[in-house]
Amino acid sequence: MSKTKTPSESLTTMTEMIFPNDTNTLGNLMGGNLMRLMDVVGAICAQKHSNRIVVTASVDNVSFKEPIPLGSVVTLQAKVTRAFSSSMEVVIDVWAENIPAQERVSTNKAFFTFVAVDQTGRPIDVPQTITETEEEKELFDGALRRRQLRLVLAGRMKPAEAVELRSLFEV
Ligand SMILES: CC(C)(COP(=O)(O)OP(=O)(O)OC[C@H]1O[C@@H](n2cnc3c(N)ncnc32)[C@H](O)[C@@H]1OP(=O)(O)O)[C@@H](O)C(=O)NCCC(=O)NCCS
């Protein structure tokens, strides 16, 4: 297994059309259905990075900026921002497109964390991330802060240990 990988090596794009079964009573895509698609594209991306089975460990805040109407074409793009030991932070961007009207809007962005596991479900190390662009470097740098925040919120890290977040917890 290679010890490092770039985000572009696991970049994953998924395109779906929104059908009546996917929508709520207003005729827009149901939030839960969108989250399922985000989970799937993120897991594929994390699998490509690690070449392992992955499980979803956490989902950061997901905001629904714009409704996605029936008939829209939704594009989801997932990219590894940073790998730690067994976990990988993946950023997922979502756009909705009305192809006949030639309109495309950004509708969602969220950070998911996936953990690579062996056949028995035990966490296993993954390749580290090497960034290639300025945007990837910014995401890489911010990933440590976001990791500490989510681990504190999950009760897996003491706030005092979250050195990247000191300014949020100390006055
Ligand atoms: C995620 C899981 C594998 C972690 O296993 P664990 O025995 O707690 O292992 P560890 O404490 O060693 O943590 C392993 C990694 O998971 C990360 N992790 C654990 N909980 C996390 C959380 N809530 N948010 C983000 N990362 C988390 C740890 O930071 C660690 O990352 P690192 O190896 O890169 O440092 C385990 O909790 C699990 O299997 N959860 C269920 C996953 C699942 O079924 N998902 C689908 C839900 S429907």
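The model is predicted, so local features need pLDDT of at least 70 and side-chain atom pairs count only at pLDDT 80 or more, while totals for chains, interfaces and linings use all residues. Residues are numbered from 1 along each chain as its sequence is written, and side-chain values use heavy atoms, with hydrogens and water left out.

Thr-113 lies in strand β6; strands (E, at least two residues) and helices (H or I, at least four) are DSSP runs numbered from the N terminus. Thr-113 is buried, with a relative accessible area of 8%. Buried means under 20% relative accessible area, exposed over 50%, and partly exposed in between (1.4 Å probe, protein chains only).

Arg-150, also buried at 11%, forms a salt bridge with Glu-89, the closest N and O atoms being 2.6 Å apart. Glu-89 belongs to strand β5 and Arg-150 to helix α2 (residues 134-153), so the pair ties together parts that are 61 residues apart in sequence. A salt bridge places a side-chain nitrogen of Lys or Arg within 4 Å of a carboxyl oxygen of Asp or Glu. Glu-89 is buried, with a relative accessible area of 0%. Asp-60, Glu-89, Arg-146 and Arg-150 are linked in a salt-bridge network.
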